[in-house]
Amino acid sequence: MDKIIRNRNSDIKLSLHDAHINKITCKEDSILFDFNYIFDYSTGEEETVNASILFEGVDPEYIYIYIIKENYKKEVGKIKGKRYSLCDYIKKNPHVDLEVITETYNGYFTVWTGYSHNKKKTRKFFIEISGDGDMIYNIGEK
């Protein structure tokens with residue numbers, strides 16, 4: 001029997017934890033997320049940097065956001081919510097504050113979870129991004 005140990009260390013020493021998405025720009029085959037900052041651990045220290053992330057080779061109509069309508073503090077019970085095309089959701093809710101808490105990457109599939117702050121309501125969200133193109137971090141000043 002072969003034993004395979006998955007390396008759980010990130011190859012990229014960047015994290016979106018607690019980052020807020022300032023703007024989302026949808027194009028025909030890409031989507032761009034501008035953040036207030038992200039964390040950079042490349043020096044061994046935690047530093048914040050200005051950043052955006054571009055996903056190429058995606059169809060924005062198949063990038064979804066799930067808004068969970070249940071009070072986010074309730075950890076058990078039924079989950080109620082709705083799935084939207086992310087680009088349609090942003091058009092209808094241009095001032096929503098999306099705060100990323102966790103990020104998961106697997107091949108060409110990305111899931112970000114966090115909190116949506118809108119009109120004095122905080123709800124949990126999930127964003128699903130799939131595509132076969134590159135994920136490009138554009139890093140600005142520290």
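## A guided tour of the fold

You are looking at a predicted model, in which local features need pLDDT of at least 70 and side-chain atom pairs count only at pLDDT 80 or more, while totals for chains, interfaces and linings use all residues. Residues are numbered from 1 along each chain as its sequence is written, and side-chain values use heavy atoms, with hydrogens and water left out.

**Stop 1: the cartoon view.** Helices (H or I, at least four residues) and strands (E, at least two) are DSSP runs, numbered from the N terminus.

**Stop 2: the disulfide.** Now select C26 and C87, which form a disulfide with their sulfur atoms 1.8 Å apart; a disulfide is a pair of cysteine sulfur atoms within 2.5 Å. The structure holds one such link. C26 sits in strand β2 and C87 in helix α1, so the pair ties together parts that are 61 residues apart in sequence. Turn the view to look at the S-S bond: the angle about it is -95°, and the link of C26 and C87 is left-handed. Are the two cysteines buried or exposed? C26 is partly exposed, at 32% relative accessible area, whereas C87 is buried, at 5%. Buried means under 20% relative accessible area, exposed over 50%, and partly exposed in between (1.4 Å probe, protein chains only).

**Stop 3: the core.** Next, select F33, F35, W112 and I127. Within the largest nonpolar core, which has 29 residues, these four touch the most other members. The elements giving two or more residues to this core include β3 (30-40), β4 (47-56) and α1 (86-92). A nonpolar core is a set of buried Ala, Val, Leu, Ile, Met, Phe, Trp, Tyr and Cys residues joined through side-chain atoms within 4.5 Å. In soluble globular proteins, nonpolar side chains tend to be buried together.

**Stop 4: around β9.** Finally, select β9 (121-130). On one side is β8 (residues 109-118), pairing with β9 in the antiparallel sense over 10 bridges; strands pair if DSSP finds at least two bridges between them. Look for Y115 opposite K124 in β9. The hairpin of β8 and β9 has two residues between the strands, and K119 there takes a positive phi near 50°. β5 also pairs with β9 in the antiparallel sense, over five bridges, and Y66 stands opposite F126 in β9.
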